Structures are given as structure tokens and as C-alpha cells.
Amino acid sequence: MRRTRRAAPIALVIACLVLLVAASTIDCAGGAGRRFGRQYEYEEDVTLSLDGSAVVTINASIPALVALHGMALPVNSRTRIDRDDVRAQIESPVYDVTRVSRTWRRRGRRFIQIRLDVPDVRRLPEAPLFDRARYDLATREGGSVFRQRVGGGKRAGVPEANWDGSELVAFKLHLPSRIFHHNVRDIETRQTGEVERGNIVRWEQRLSDRLAGVPVEMEVRMDSESILNRTLWLFAGAFGAAMFALAMAIWWVVRRGRGRSIAPRSSQSLPQS
């Protein structure tokens, strides 16, 4: 009985670890792990550095890429997607294409992940894939301001996609420093979103509004010092303080030990009457 009681928690922990590994493996394989969170028909994720370089990750359905970016891809879910063809259509001198994933299925549509290494995010509009967007990063009043606007005219839908109007588009920013201001919610453009963990901002818009050409205006004001640098300095300060406290403790122990060893010798050296 005791062995059974001890084994049960261990088995539960192992099962949880297996589920977590499986979920992360699915996510890495193609993003299907997002089924546990909010699902988007098109998601553009920008991990930004203060020098303007960025990693852009796009998770989108094939019909969304056709409708929003004009890519020439087969929308029939039974037709094979040539990843080399996808890469050839999105290549540009302003970034390096580091990943074109295998497709995965959701709601009868195929999805794909595209990852780009961008030396300067402000040059993205030079690429056909982002020619309807504008990116700006500037230093003002001791901080940094990042702005992104996704506009453009109306876009034709894709009847074969069988969209029902509930589909969402998301633009996410992973920022390197603390956020002072953002405009996540805007009633006029019907965009919503939220801030996650202090330095991740997400804007959302209905796919129908994106197809209608309703712009998305994103603005974030942040500290000019990165969170990583601040964390390293705090860690260095805490480590230095700990080492100083340890040195003082050792000095105090050694001094106290010397005082105790000297006292008996002094008493033995006194002349006896």
C-alpha cells in the first residue's frame, strides 16, 4: 500500500511531463499546439530589438496568405504545398527566410509557419510581403517609440476557405524593454488585444475587417534600456552584495576565533603569586 501511494504522485508527474513535451513538439512541428490557446487565421509575431533588428514569425492559413498578401498558392486543401515555391515567393533582400514549415490542418484549412530574420524592421515595406505596412522605430524623450501601421485597400476573399466571419487576425510584439504606453484598444478601428507579461503586446482584428481594408494602428512607448541588460545589472549587483556579505561573515568568524585563541594564552603568561 505504501509503495502504491508513493508511486501514484510520481506517475502523475510523469504523465504531465509527457503531455507538456507532446504539446511543445506539436507546436514546433507546425504550430498546432496553439489549439490550447486563442486561434488566429493569420498571426504576425515580431520579436524586436532596440537596434531595429527583428525576428518575424507568421502563422497563417494558406487562404489567408492568398487573400492578404496575394500569394499564388493552391487553396484546395487536397493540393500539395511546395515549400520551395513558398520560399521563392517571399524571398527579399531585406530579410533572410529561416523557416518555411510543413503545413498542418485546422477547420479544413492548411496552415503554415514562415520565419524571417530581419536586420532592420523599418525596411520591411520594401518587400512585397509587407508592402502595405509601415514600421517606425525612434528614440524620443529618453525612451523608444515603435509604430506599425497595416493598411491597404480592400482585398478579395477566398470562397474556398469557407470563412464564417468569426476568424481573427493578430499582430503581436515581443518588446525588449518595459512598456510605458500602448494603444491596444481602439474603438474606431475595432481593434482589441492585451498586454502579456509586461513586454508582449497583442493587437487583434476580425479577418473580415482586415479584408475590408480597415487599418490597424499600433504604437508602443518603451524604455530605452533592455530588460536583459537591466536584469544582468541587477543580478550582478545582488551577486556582489552577497559576496560582500559572505566576506564580512568570514572576516567576523576569523576575527572572533583569533580573539578566543589569544585569551587563554594571555592568562597562562601571567605570574602566579
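Modeller: The chain exposes about 16800 Å², of which carbon and sulfur atoms supply 56%; accessible areas come from the Shrake-Rupley method with a 1.4 Å probe, and for residues only the protein chains shown count as cover. This is a predicted model, in which local features need pLDDT of at least 70 and side-chain atom pairs count only at pLDDT 80 or more, while totals for chains, interfaces and linings use all residues. Residues are numbered from 1 along each chain as its sequence is written, and side-chain values use heavy atoms, with hydrogens and water left out.

The chain has five helices and twelve strands (DSSP runs, numbered from the N terminus: helices are H or I with at least four residues, strands are E with at least two). Of its 273 residues, 38% count as buried, meaning under 20% relative accessible area.

Gln-113 is buried, with a relative accessible area of 6%. Its side chain makes a polar contact with the side chain of Arg-115 at 3.0 Å (a pair of N or O atoms within 3.5 Å; within protein, one must be able to donate a hydrogen and the other to accept it, and residues adjacent in sequence count only if both atoms are side-chain atoms). Not counting residues up to four places away in sequence, Gln-113 touches Thr-57, Ile-58, Asn-59, Arg-99, Val-100, Ser-101 and Trp-104, where contact means heavy atoms within 4.5 Å.

How values were computed: Buried < 20%, exposed > 50% of the residue type's maximum accessible area, 1.4 Å probe, protein only.
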